[in-house]
Amino acid sequence: MSQRNGWVLVFGIASVSLGLMYLAPDSPGIFAAGSLGSAGLLLSIWSGLYLWSRLPASTARIAAPGERQALIALCATVLIAAYFGWTLYRIGANVDLHEQEARAMGRVISLMVIAWLVFATIQRRRESGVVDDERDRSIRASACNASHTVLVLALIAAILLLGFLPHALAATTTPLLIAHGLIGALILSGLVEHATSLVLYRRDRA
Amino acid sequence: MSATLISNQIRRLRFEHGEMTQENLAGRCGVTRQTIIALEAGKYAPSLELAFRIAHAFGSRVDDVFFWQEAQRTKRH
């Protein structure tokens with residue numbers, strides 16, 4: 001099977017698996033759609049990693065190793081942010097820890113984070129020579145700075161919002177909703193960090 | 001990482017040293033090839049330590065490799 005067909009197949013399996021997990025995360029029975037979806041997602045992740053490891057190293061040499069890591073991190077964070085935002089939008093303000101959809105969200109995000117870490121580790125092992133130098137550290141420091149600024153601004157905005165909310169609206173705000181808001185702020189700061197890294201790497205290119 | 005006022009002669013020195021590749025120079029200095037590319041393009045100002053390492057790789061002094069662009073303009077006038 002060619003690389004292209006392999007990637008099409010992997011993305012197909014991943015899409016169907018995510019659909020199964022999203023539609024029926026905890027349906028009972030031997031062929032529970034949620035479990036089938038989880039297995040399919042794991043299969044697609046490992047197949048994707050195998051295909052990635054078979055790619056010739058010369059295809060990705062324009063970007064620095066740090067830039068490739070930042071790209072992987074940004075893609076993973078965008079996926080997590082999209083899934084988190086969409087699920088919260090579907091659940092609405094009545095977030096409950098015992099709700100099936102909220103529990104499934106935690107599982108899917110955990111799987112995404114594990115896949116990201118494994119993918120990043122494999123990519124790091126594929127790199128040869130120097131993979132991290134003073135320019136990478138300088139870019140990481142600037143990106144962390146931007147991320148910290150966004151996190152602080154988001155927290156100040158949240159505090160002001162809570163303080164000045166009309167009484168009727170404030171009554172509907174639950175601690176769990178605030179907790180999800182804080183998770184959202186963390187994801188946003190992560191997005192800013194990885195996006196800033198990529199922008200700085202691209203700006204350094206000739 | 002906007003363009004810096006510190007300019008350099010890395011590209012010229014590489015060619016004068018047997019057309020040394022960016023990869024080779026990067027390996028000698030302990031940085032990535034992309035950092036050498038950024039340095040040659042004048043997009044990145046190196047630390048003092050890296051400047052010394054690069055100069056050492058060419059067997060030159062730091063001020064033979066790196067210079068302040070204002071100084072170059074003054075020299076030309």
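## Where chain B meets chain A

In this predicted model, the contact between the two chains draws on 20 residues from chain A and 16 residues from chain B. Putting them together buries about 1,400 Å² between chain B and chain A, with carbon and sulfur atoms giving 49% of that area.

What about specific pairings? Go looking for salt bridges between chain B and chain A and the count comes back as 0. Polar contacts do turn up: 6 residue pairs across the interface of chain B and chain A meet the rule, both partners being at pLDDT 80 or more.

## The chain B side

On the side of chain B that touches chain A, the top contributor is helix H3(B), residues 33-40, which puts in 5 residues. Sort that whole side of chain B by residue class and you get 8 nonpolar, 5 polar and 3 charged.

## H2 against H3 in chain B

H3(B) also has a packing partner within its own chain: helix H2 of chain B, residues 22-29. The two axes sit 8 Å apart and cross at about 105°. Angles of 65 to 115 degrees count as roughly perpendicular, so that's the label H2(B) and H3(B) get.

Who's doing the touching? From H2(B) come B:Gln22, B:Glu23, B:Leu25 and B:Ala26, while H3(B) supplies B:Arg33, B:Ile36, B:Ile37 and B:Glu40.

Methods:
Residues numbered from 1 in each chain as written. Chains lettered and ligands numbered in written order. Predicted model: local features only at pLDDT ≥ 70, side-chain atom pairs only at ≥ 80, totals over all residues. Heavy atoms only, no water. Contact = heavy atoms within 4.5 Å. Buried area = accessible area lost by both parts, 1.4 Å probe. Salt bridge = Lys/Arg side-chain N within 4 Å of Asp/Glu carboxyl O. Polar contact = N/O pair within 3.5 Å; in protein donor to acceptor, adjacent residues only side chain to side chain. Helix = DSSP H or I, 4+ residues; strand = E, 2+ residues; numbered from the N terminus. Nonpolar A, V, L, I, M, F, W, Y, C, P; charged D, E, K, R; others polar. Axes fitted to C-alpha atoms, helices over the stretch in contact; angles between N-to-C directions. Parallel < 35°, antiparallel > 145°, perpendicular 65-115°, else oblique.
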